[in-house]
Amino acid sequence: MKYLAILLSGRGSNFVAIADSIDAGRIRDARISAVISNKPDAAGIATARQRGLNALVIPSKGKTREQHDHAVVAALKENRVDLICLAGYMRLLSPWFVQQYPHKILNIHPSLLPAFPGLEAQEQAFAYGVKVTGCTVHFVDEELDHGPIIVQRSCQVLETDNERTLAARILEQEHIAYTEAVNLILSGNFEIVGRRFCKKN
Ligand code: GRF
């Protein structure tokens, strides 16, 4: 059995996609041991409670990054955690946090990295006028939206799109991509060569 921790700050649809995949057997032999939010009012944390999961709020407000990260890592260490999935967690992790869990922290970003890192990636892509965009699941390293790429899924930008419809179409791909990435990592059947994530046969 492998144990996942989810870190979120908001809606939590990627968390729900992972939880649904576990419940439906698309991700096997895994459990969510903790869902942690830095925002008390995150919808994702209410959903985690409704699902009977271990839902923790560790407010970031009024704390330095280091203080908050120490509190989050302490909570993680109280639980079994094999993999940490950032799912709309609107905080940069300190280098210290990242170093506690080498190659054990994943993030999902709503663009085809390295295009459009940072906030509002879908709006950035729409405004830039790209014809194809998508999402990326990657390892978290010390730089923003930067670590080795595990899975990318693309989608077309349609003539009829606006920022909202495009973001919704990317989100559908995100939900598929996160399950794919979690399965790849939990299989342990990969190596990282430089920046390249390579599946082993
Ligand atoms: C997603 O678009 C994700 O890629 C980004 O933040 C958003 C979170 O959405 N990092 P949700 O909370 O998972 O619904």
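Here are two worked exercises on a predicted model.

Local features need pLDDT of at least 70 and side-chain atom pairs count only at pLDDT 80 or more, while totals for chains, interfaces and linings use all residues. Residues are numbered from 1 along each chain as its sequence is written, and side-chain values use heavy atoms, leaving out hydrogens and water.

**Exercise 1.** Work out how strand β4 (residues 83–86) is covered and which strands it pairs with.

*Solution.* Start with the faces. L83 and C85 sit on one side, I84 and L86 on the other, and all are buried (under 20% relative accessible area, 1.4 Å probe, protein chains only). Strands here are DSSP E runs of at least two residues, and helices are H or I runs of at least four.

Next, the neighbours; pairing takes at least two DSSP bridges. Strand β1 (residues 2–8) pairs with β4 in the parallel sense over 4 bridges, with I6 bridging to C85. Strand β5 (residues 105–109) also pairs with β4 in the parallel sense, over 3 bridges, and there I84 stands opposite I105. To get from β4 to β5, the chain goes through helix α4 (residues 95–100) in a right-handed β-α-β crossover (clockwise from first strand over helix to second, strands pointing away from the viewer).

**Exercise 2.** Describe how helix α5 (residues 121–128) packs on helix α6 (residues 163–187).

*Solution.* Take the axes, lines fitted to C-alpha atoms over the stretch in contact: they come within 9 Å and cross at roughly 125 degrees. Angles run from 0 to 180 degrees between N-to-C directions.

Finally, the residues: Q122, E123 and F126 of α5 meet E163, L166, A167, I170 and E174 of α6, where contact means heavy atoms within 4.5 Å.

Key
Buried means under 20% relative accessible area, exposed over 50%, partly exposed in between (1.4 Å probe, protein chains only).
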